Amino acid sequence: MSAPATPAAPSGDDYDRLVPDVFARDCLSRHVLADVSGKWGTLALLALHEGAYRFNALRRRIDGVSEKMLAQTLQALERDGLVNRDAQAAIPPRVEYSLTPLGVRIAGRLAAFVELLEEAVPEITEARRSYDARR
């Protein structure tokens, strides 16, 4: 008995006819959510919300990210239409990253979310103490 056939991923035209639903396994919004909400994606968008960065400056801004992970993250965000990559012909080569208009909108919402989290740190700290005390 052979394995059941896997349905083909929808083509570009098929995506245009789908209703976005982040809870649906194959929905594009779910894949972009993974790119945006991953630790490095969120931090890259937040840093670029401050302004354009060259790769190494962005890597220094995002403490702890490896060169490989940052490159993969930026590539995914560029593919999703959130980040611009501007490679300028110079010696040494100069590459600068910035947000697209869509990236600006999404990063703005992320920045508001992070501000809320940072304001809530005392409450979160107390909740953790209380939780740990019960364990």
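These are my notebook entries on a predicted model of one chain.

**Entry 1: overall layout**

I started with the element count. The chain has seven helices and three strands. Reading from the N terminus, I get the order α-α-α-β-α-α-β-β-α-α. I then looked up burial. Of the 135 residues in the chain, 23% are buried. The accessible surface comes to about 10,100 Å². Carbon and sulfur atoms hold 55% of that surface. Residues 24 or more positions apart account for 43% of them.

**Entry 2: the sheet**

Which order do the strands take in the sheet? I found β1-β3-β2, in an open sheet of three strands with antiparallel pairing. β1 (53–54) and β2 are the edge strands, and each of them pairs on one side only.

I went through the pairings one at a time. Strand β2 (residues 83–88) and strand β3 (residues 94–99) run antiparallel and are joined by six bridges. On this side, arginine 85 has tyrosine 97 in β3 as its bridge partner. β1 and β3 also pair in the antiparallel sense, over two bridges. There, arginine 54 has glutamate 96 in β3 as its bridge partner.

**Entry 3: the hairpin loop**

I looked up the peptide bond that joins isoleucine 91 to proline 92 and found it cis, with omega about -5 degrees. I noted this one because most peptide bonds are trans.

I moved on to threonine 100, in the loop between β3 and α6. Is threonine 100 buried or exposed? Its relative accessible area is 9%, so threonine 100 counts as buried, the cut-off being under 20%. I listed its contacts, leaving out residues up to four places away in sequence. Threonine 100 touches Gly81, Leu82, Val83 and Asn84.

**Entry 4: salt bridges**

How many salt bridges does the structure hold? I got four.

Arginine 61 and glutamate 50 meet through their side chains at 2.6 Å, N to O. This pair links distant parts of the chain, with arginine 61 in helix α4 (residues 55–61) and glutamate 50 in helix α3 (residues 39–50). The two residues are 11 residues apart. Arginine 61 is partly exposed, at a relative accessible area of 45%.

Glutamate 96 pairs with arginine 94, and their closest N and O atoms are 3.4 Å apart. Glutamate 96 is partly exposed at 23% relative accessibility. Arginine 94 is partly exposed too, with a relative accessible area of 29%.

Arginine 129 and glutamate 126 form a salt bridge at 3.8 Å, N to O. What separates arginine 129 and glutamate 126 along helix α7? About one helical turn does, because they are three residues apart in that helix. Arginine 129 is exposed, with a relative accessible area of 55%. Glutamate 126 is partly exposed, at 44%.

**Entry 5: helix α7**

I then took helix α7 as a whole. It covers residues 121–134, which is 14 residues. From its first C-alpha to its last it reaches 20 Å, close to the 20 Å expected at 1.5 Å a residue. How many of the 14 residues in α7 are buried? The count is zero, and α7 is hardly covered.

**Entry 6: a nonpolar patch**

Last, I looked for nonpolar residues on the surface. Phe113, Leu116, Leu117 and Ile124 form a patch there, with about 360 Å² of accessible area together. Which helix gives the most to the patch? Helix α6 (residues 101–119) does, with three residues. I checked one of the patch members in detail. Leucine 117 lies in helix α6. Its relative accessible area is 37%, so leucine 117 counts as partly exposed. That value also passes the patch cut-off of over 30%.

Technical notes. Residues are numbered from 1 along each chain as its sequence is written. This is a predicted model: local features need pLDDT of at least 70, side-chain atom pairs count only at pLDDT 80 or more; totals for chains, interfaces and linings use all residues. Side-chain values use heavy atoms; hydrogens and water are left out. Patches are made of residues with over 30% relative accessible area and no salt bridge: like charges are joined within 9 Å, nonpolar side chains (Val, Leu, Ile, Met, Phe, Trp, Tyr) within 5 Å. Accessible areas come from the Shrake-Rupley method with a 1.4 Å probe; for residues, only the protein chains shown count as cover. Helices (H or I, at least four residues) and strands (E, at least two) are DSSP runs, numbered from the N terminus. Buried means under 20% relative accessible area, exposed over 50%, partly exposed in between (1.4 Å probe, protein chains only). Two strands pair if DSSP finds at least two bridges between them. The expected span of a helix is 1.5 Å times one less than its number of residues. Contact means heavy atoms within 4.5 Å.
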